[in-house]
Amino acid sequence: MQAIVLVGGEGTRLQPLTLTVPKPALTLVDRPFLAYMIEWLAGHGVTEVVLACGFLPDVLREALVGEEERAGTKITYVVEPQRLGTAGAIRFAADQLGDRLEDRFLALNGDVLTDLDLSALMRAHGEHRGRATLGLHPVEDSSAYGLVHSDPDGAVREFLEKTGEHVPGQINAGMYVLERSVLDLIPPGEEVSIERDVFPHLVGDGLYGHFLDGYWMDIGTPERYLQASWDILERRVKSRVEPTAPGMLVAAGADVAGASTLGPRVVLGPGVRVAAGAEVRDSVLLDGCVLGEGARVSGSILSSGVEVSPGAALEGAVVGQGERVPA
């Protein structure tokens with residue numbers, strides 16, 4: 001099975017973390033975020049992951065060096081010449097594969113951390129023999145997602161993309177099984193949304209949904225990025241990560257002074273230095289960050305190479321690569 005993964009966005013809601021690093025390459029706990037998805041796909045029998053790239057593709061490729069061998073699946077990169085939307089990106093990637101594209105394939109948004117049963121989604125698609133099957137997931141607030149109403153047999157009767165209404169419901173989880181015939185609905189070289197321009201046209205014509213329960217998190221905001229980090233470290237989602245302690249990971253090579261305070265939740269990347277009297281709580285400090293004496297960081301994300309001056313205090317901050325925080 002092949003999977004086309006959409007990773008072309010600029011991750012604007014995570015800026016300044018994503019100004020120089022594409023969101024899929026951003027470190028989540030101890031590895032590039034996209035490595036979790038590649039591992040998950042490989043675990044469900046995906047033999048080729050096709051990354052539909054846009055923003056800083058070379059940085060993403062460098063971040064994933066060695067991931068083919070670790071995950072045990074082939075990784076193919078295609079780079080969009082311009083913004084093509086979700087459907088346009090799928091069509092572009094499919095055209096790049098040409099005759100190698102299988103008659104049935106997966107398409108997924110590349111900004112989700114999940115352990116949902118993808119194999120169950122593929123089985124459901126095979127049973128009802130539709131043209132497209134959406135993975136559906138329950139949420140309490142569907143305002144920021146595509147809300148899907150379906151019949152008891154799974155046939156989708158209504159697809160509402162991002163209504164803005166704060167109501168519970170089953171949402172489009174950003175994972176689809178598609179028949180190759182769906183590509184005929186997507187004009188090549190044009191910006192097309194699969195949620196707004198394709199799925200509504202398939203209602204009543206082979207569009208199905210399948211409910212999937214389990215862990216699902218869109219990490220598109222700093223708050224969700226932090227929550228995903230703690231969920232990984234507290235084993236709410238399956239992963240290869242080995243925490244240093246519950247809720248905590250201190251990388252090899254991090255230098256933490258004995259008189260400092262860490263936790264209850266914290267990630268310290270390689271080369272991080274925490275001076276005496278400093279405090280780090282509920283925060284992520286990526287590679288090479290330096291915390292001066294008596295500095296305090298809480299509920300924050302520090303990109304690589306950030307220096308926090310002695311006595312400085314940060315709360316709920318997101319700090320870009322290489323910045324210096326004065327006292």
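Modeller: Start with arginine 61: its charged end sits over the ring of tyrosine 77, 4.2 Å from the ring centre. That wording applies if NZ of Lys or CZ of Arg is within 6 Å of the ring centre and within 35 degrees of the ring normal. Arginine 31 does likewise with tyrosine 36, lying over the ring face at 5.7 Å from the centre.

A word on the ground rules. This is a predicted model, where local features need pLDDT of at least 70 and side-chain atom pairs count only at pLDDT 80 or more, while totals for chains, interfaces and linings use all residues. Side-chain values use heavy atoms, with hydrogens and water left out, and residues are numbered from 1 along each chain as its sequence is written.

Now ring against ring. Phe, Tyr and Trp rings (six-membered ring for Trp) pair if their centres lie within 6.5 Å; planes under 30 degrees apart are stacked, over 60 edge-to-face, the rest tilted. That rule gives one aromatic pair. Its members are tyrosine 176 and phenylalanine 199, edge-to-face, with 4.9 Å from centre to centre and 75 degrees between the planes. They are 23 residues apart and link distant parts of the chain: tyrosine 176 belongs to strand 11 (residues 169-179), phenylalanine 199 to helix 6 (residues 194-202). Those elements are DSSP runs numbered from the N terminus: helices are H or I with at least four residues, strands E with at least two. Both tyrosine 176 and phenylalanine 199 are buried, meaning under 20% relative accessible area with a 1.4 Å probe, protein chains only (exposed is over 50%, partly exposed in between).
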